[in-house]
Each structure stands twice: as C-alpha cells, then as structure tokens.
Amino acid sequence: MVNFIIPENIAISESGFLFLAGTGETFTLNQIGKEIFNLIRSKSSEEEIINSIVNDYDIDKATAHKDFADFISQLKHYSILKEA
Amino acid sequence: MSTKKRYERPIITKYQSGLMNKFGSGPSAKAKTSIDEVAVSKLVEEYGSPLFVMSERQLRNNQQNAIRIFRTRYPKVQFAWSYKTNYLNAVCSVFHQEGSLAEVVSEFEYDKAKLLGIKGSNIIFNGPDKSRAALQKAIKDNAKIHIDHFDELYEIIDLCNSENLKANVAIRVNMDVGVYPLWDRFGFNYENGEAWQAIKRIMSEKSLKLTGLHTHIGTYMMTAEAYRIAASKLASLANSIKREFDIKLDYIDMGGGFASNNTLIGQYLPAEQIIPSMEQYADAISSGMFEMNATGSDLPALILETGRALVDNAGYLITTVLANKRLSTGRRAIIIDAGVNILFTSFWYKHKISPAQESGVHVEDSSLYGPLCMNIDLIRESILLPAVKKGEHLVIEDVGAYAMTQWMQFITMRPNVVMIMQDGTVELIRKSEALNYILDRELLPKQLKLK
Ligand SMILES: Cc1ncc(COP(=O)(O)O)c(C=O)c1O
C-alpha cells in the first residue's frame, strides 16, 4: 500500500539537493533522507522503507520508526509530501 | 555477516539567507565533550544533571590577565570582586587569593565576605540599601562605605556623632557618558552639581574621611569610550577636591560593566566580534585617569569591580535532553532539564550551546525549552543544533556570571555546582537542594494538618 505522494514539480539531485519548482524553495537532504525520499517517490510503503533502513543501517526498528515519522512531518510541513 | 552502514537520522534542511544574524554564533555542531579535560559524561555520572561547572584555571587566568593589562597602563591597580556576580564561597576565594577586595551590595554579602575571612577594611560596601545596623558594623570594621544618597550620608553622620565613630567614605557618582538610558538612580549626579554638594558636606564633617570616588556606569558596556569619559569626569572631581580642600584621594573606583563574550538577544553580530577587548577598556580608563593633577605616588589607586567579564567564561551548565518533539509548525523543539529558573541569563543572552557528544554534521533550526511546565521556560528561541537523543547532553557555555546568584528555587531544585580545580580534580562547591531544604523553612498551622 502506498502511504504518501510527492508532487510532480519537485526535483532532487544526486547530491540530495531538492528544489520546489512551485515556490522556488531549496533544501538539502542528507544521504539517508535522500534514500527515503527516493523510496517514497518509487511508491514504497512505510513498512517497506523502515525495513530497508533497518536492513542497510546499524539501527533498531523503534528508532528508525521514530526518526522516519519525524522526517515525514517535516516533509509535510514544507509541502514536499502529501498523505495518500 | 555483512557490516551495516553507520546510521544518521534523516534530515532535511531548508536554505535560508542571513542565517548568521538570526541564530547568533555559527552552527553548534562541534561537540564539547570535556571541560578542562574532564569528560562531561563523567561529571554527569558523578554529580547528576543539570550541573553547573566552574573552572578554577579559567578564573585565575581571567583575573591575572586583567591585572596584567591594567598594571601595564596604570601604576596602582586593585580589583574588588563583585559578590553579586557570583558569591559562591569557592569562587570568591579564588578571587581573594588572586588579591581582590570584596565588593558587596547588601548586609548579607557583607557578612558572607567577613565569614570568608575578609577584613572590613578590604570590603567595599556599595548599594542603596544599608541599614543603620549594617552601617554601624561597617564603620566599626573600617570598611570602605560608598554612599548612594543624601539620606544615607545623614544617617552616617548621625551614627558617627552619636557613637563617636569615624567613617571612611566615598560617594558613588552618576554621570552622562554618552550611553543611554543613564544609570542616574544610583549615587549623586555629576553634571547638576549634586556630587560636589555631597563632597562639600562630607568635607565639613570631622567624623568622615573622604577616601575615594566611585562610579559604575552600567553593565555590558559596548563602548570603551564611555569609560574614558567617566574616568575623566571623576579625575576632574578629584582635581577640584585637591584644589579646594588640599586632600588627595586613596582611590578612584571605576565599578564594573565590561562586556563578557556572551551575545545579547537581538544583537546582530556575535559578541566576540563587537565587544571591546580588556585592553581597550584599560586604555580608555587610564587615559581618563591621567587627567588627574597628580603623579607618581600621589596618584590614587584605580579600583575595578569587574564582574561578568572575569567569571562568565569560567562557568558551564551541563544539561540533559529530556525529549525531542515537533511543534505544530514543523519546528523542532528540544526539551532539556535546565530551565530559566536556574538559567536566568537566557532572558537576555544567546548562550553558546553545544552537544556534549559527537553528533551528525547536519544541524537544524530548533527551539530549546526547559523542563518547567510554564510557557516562559524558553532557553533559546532559535538555535542550529545537530540531532541529539533523549539522555544525551548539551553544554551551555559562559554562564559563570549572575546565573548562580539570580537562580531561583521554582518547580525544580537548584542543582549541584562543582569546580574543576587546577590539578584536574573535581570538587563539589554547592550541594543540590533536596526537599528538606525547602520544607525546613515552612510552617504548617496545626489546624491545617491533614488528619
Ligand atoms: C556597583 C557595582 N559594581 C560592579 C558590578 C559588576 O558589574 P559587571 O558584572 O557588569 O562587571 C555591578 C553590577 O551591576 C555593580 O552594581
């Protein structure tokens, strides 16, 4: 199931530089932030994203969940993401 | 088994122009893991959190440095430790060991200095509130009494006459030094002739000896020039005293007020870029002092009551992260275990705050709240900090001045204060308060006792 939608007019570079064409605002994402962003864009579900983080990184599932939720609320705040 | 990548919390940072002015000093990503080579984690383990830490080494460095800077510009220099800035016995004692007099502004501070072993003649008694009993004690002790107003002057005259005492007195003088608002509520005004009136009155009393002139032009003075003007005005008063009464004063006391390295809230640039250096203050004061018609051994001593500039950077507050949360606007909020009740100075300073452990390089604009269930409990509206987890520590720097005297017991207890000694050992210098400390003072009327 897809939980989130990223609007079409948002561009992200290899290095994690993110541009909102609508408003002209710019952001940077760290490596893991960029990975999560790309996973959301490729329509992974929250569960899949968390699993992938726990798989790749040295982190427990509870912390990954907490940080993911926090990250999502920021993306929503900046209108980079909408609830499906 | 494959090794996993090192985890860092996902972070998104919005580009903003003019970050510098909004956030004060640059991003605080650099960790402050130890104080005077003692690990922050070890200090917390042993003495709890929050925890105030004083550095003996830094205190002594500051004092010795200030003495050197002033003595190379003026021949007779005497510092007097401003008790209200930090009157923990251990802190006062370091300054006294470095040769400072005691500068006190209440009977409580006066008694505290006496109990530390300071002779009355080495105590400067300032301030508008000196009871008759306190004055009597100070006169008998030969203390240096700095008179604040005419009512006090007449009280002293009356005391001396009725008990056949002699008092060493100076007057506090307020004046226009080009910095506004004027601090004209303390002492006698220079420009309108009130100070001269007070001097004449003192000179007419056999029981009074005029030993000096005092001013304290304000605190956190961002211009050294104000001190040149102040010193020059006191020099001109001293010249008039010599001319009219043929009296040479023992000292000119220029008070305190040099800025410390803390950046004020609302200040555009970080403090270290705009505040005058100790050398500049010293240049300004000595150039004003040399307008006195005296040379060599006839020159009065220069007394300095420097407070915050000698102690601020010797004090740290270690605090622990209680929680991270998001405000409704999406802003990050960090709740720490040190509130405005113990860090009063956060109402006017943007303290330097660093994580006490290595954190990611990504910083995020955050609000820093204390633990009090009160809306006023805001340690910092806006600060760039890396991710810090519950249980991790932050170090708040430059809190040596006024925090440990203006703190209050409110909702939580005041914490331990330790001093890191020059030899690297750690000494507890004030014990944290416990419930019985508060209950000891309370009385419950019998009829209100529950069952
Ligand atoms: C009379 C007097 N002297 C010295 C000081 C110390 O001032 P500061 O900490 O600004 O150096 C004060 C503080 O206000 C004061 O009132």
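**Helix packing, cavities and the A–B interface**

In this predicted model, helix α5 (residues 107–115) of chain B and helix α6 (residues 132–140) of chain B have axes that come within 10 Å of each other and cross at roughly 30 degrees. The crossing of α5(B) past α6(B) is left-handed. On the α5(B) side, Glu107(B), Tyr110(B) and Asp111(B) make the contact, and they meet Ala134(B), Lys137(B) and Ala138(B) of α6(B). Sorted by class, the residues of this contact are three nonpolar and three charged, with no polar ones.

Attention can now turn to the space left inside the protein. Rolling a probe the size of a water molecule over the atoms shows where empty space is left. Three cavities of 30 Å³ or more are found, and the largest cavity holds about 100 Å³ of space. Its lining comes from chain B and includes Ala238(B), Asn239(B) and Lys242(B), then Ile247(B), Lys248(B) and Leu249(B). Also lining the largest cavity are Met292(B), Asn293(B), Ala294(B), Asp298(B) and Pro300(B). By class, six of the lining residues are nonpolar, two are polar and three are charged.

Last comes the interface between the two chains. The size of an interface is often given as the accessible area lost when the parts come together. Between chain A and chain B, about 2,100 Å² is buried, with carbon and sulfur atoms giving 57% of that area. Within chain A, the residues that lose the most area to chain B are Thr28(A), Asn30(A) and Gln74(A), which together account for 25% of what that side buries. The contact draws on 29 residues from chain A and 17 residues from chain B.

Key: Residues numbered from 1 in each chain as written. Chains lettered and ligands numbered in written order. Predicted model: local features only at pLDDT ≥ 70, side-chain atom pairs only at ≥ 80, totals over all residues. Heavy atoms only, no water. Axes fitted to C-alpha atoms, helices over the stretch in contact; angles between N-to-C directions. Helix = DSSP H or I, 4+ residues; strand = E, 2+ residues; numbered from the N terminus. Left-handed = near helix turned anticlockwise from the far one by under 90°. Contact = heavy atoms within 4.5 Å. Nonpolar A, V, L, I, M, F, W, Y, C, P; charged D, E, K, R; others polar. 1 Å grid on protein atoms, 1.4 Å probe; cavity = no way out; pocket = protein on both sides within 12 Å on 5 of 7 lines; lining within 4 Å. Points joined across faces, edges and corners; volume = space filled by probe spheres on them. Buried area = accessible area lost by both parts, 1.4 Å probe.
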